[in-house]
Amino acid sequence: MIESLIQSDKELLVYLNNLGSTSYDAFWLFITKQLNWMPFYLLLLYLVYKKVSLKTLGIVLLVIAGLIAFTDQFTNLVKNHFARPRPCNTEDIQALLRIVKCSPTNSFFSGHASNSTATMLFLFLILRRYYKYAFLVFIFPLVFAYSRIYLSLHFPGDIFVGMCAGILTGTLFYQLFKWLERKYKLV
């Protein structure tokens, strides 16, 4: 069963990765860099700032910092435990891939997927109170995570599990935020 799942994961990666072309490589290399998304992050924080007090914004920023640190460390713990090579370093499929970028680090599961999903879920749960189209924040983790497949840095299963981990940690840290909101009477 596990071997069949791993083989299907490899086949799906080869298919999705080969949809790319050299004319789009620079775009996806740009997409995959966290710092390039800084204007988007600042826009989201501005949208939060417009609706909450400075004290609440400070709590939001502290919770986001804790969320990213926790999610990142949890991801690294799992990566080190499973030690699954990245697709670009997986011998039986290397020749079938368009390797745009490679890294010697482990693949399972995607930190890009877990962190972006956790952060966007957390912000969505706050912003949905104030903005009808807050759900659009989920475009970011989907595009961001797909960039990892395009570049041959992650298997689709790495992305899926990373997003599931992000949903879990985003929800937990939102619950922490709600508790802090009640405790410090921020609502």
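Analyst: Gladly! Let us start with a side chain: that of Ser116 reaches the backbone oxygen of Ala113 at 3.5 Å. This is a predicted model, where local features need pLDDT of at least 70 and side-chain atom pairs count only at pLDDT 80 or more, while totals for chains, interfaces and linings use all residues. Residues are numbered from 1 along each chain as its sequence is written, and side-chain values use heavy atoms, with hydrogens and water left out.

User: What lies 2.6 Å from a polar atom of the side chain of Ser116?

Analyst: The backbone oxygen of His112 does. A polar contact is a pair of N or O atoms within 3.5 Å; within protein, one must be able to donate a hydrogen and the other to accept it, and residues adjacent in sequence count only if both atoms are side-chain atoms.

User: Why does Ser116 count as buried?

Analyst: Buried means under 20% relative accessible area, exposed over 50%, partly exposed in between (1.4 Å probe, protein chains only). Ser116 has 4% relative accessibility, so it counts as buried.

User: Which residues is Ser116 in contact with, leaving aside its neighbours within four places in sequence?

Analyst: They are Gly111, Phe140, Pro141 and Phe144, where contact means heavy atoms within 4.5 Å.

User: What makes Phe140 and Phe144 a stacked pair?

Analyst: Rings of Phe, Tyr and Trp (its six-membered ring) pair if their centres lie within 6.5 Å; planes under 30 degrees apart count as stacked, over 60 as edge-to-face and the rest as tilted. Phe140 and Phe144 lie 4.9 Å centre to centre with 25 degrees between the planes, and are therefore a stacked pair.

User: How are Phe140 and Phe144 placed in helix α7, and are they buried or exposed?

Analyst: They are four residues apart in helix α7, so about one helical turn separates them. Helices (H or I, at least four residues) and strands (E, at least two) are DSSP runs, numbered from the N terminus. Phe140 is buried, with a relative accessible area of 3%, and Phe144 is buried at 2%.
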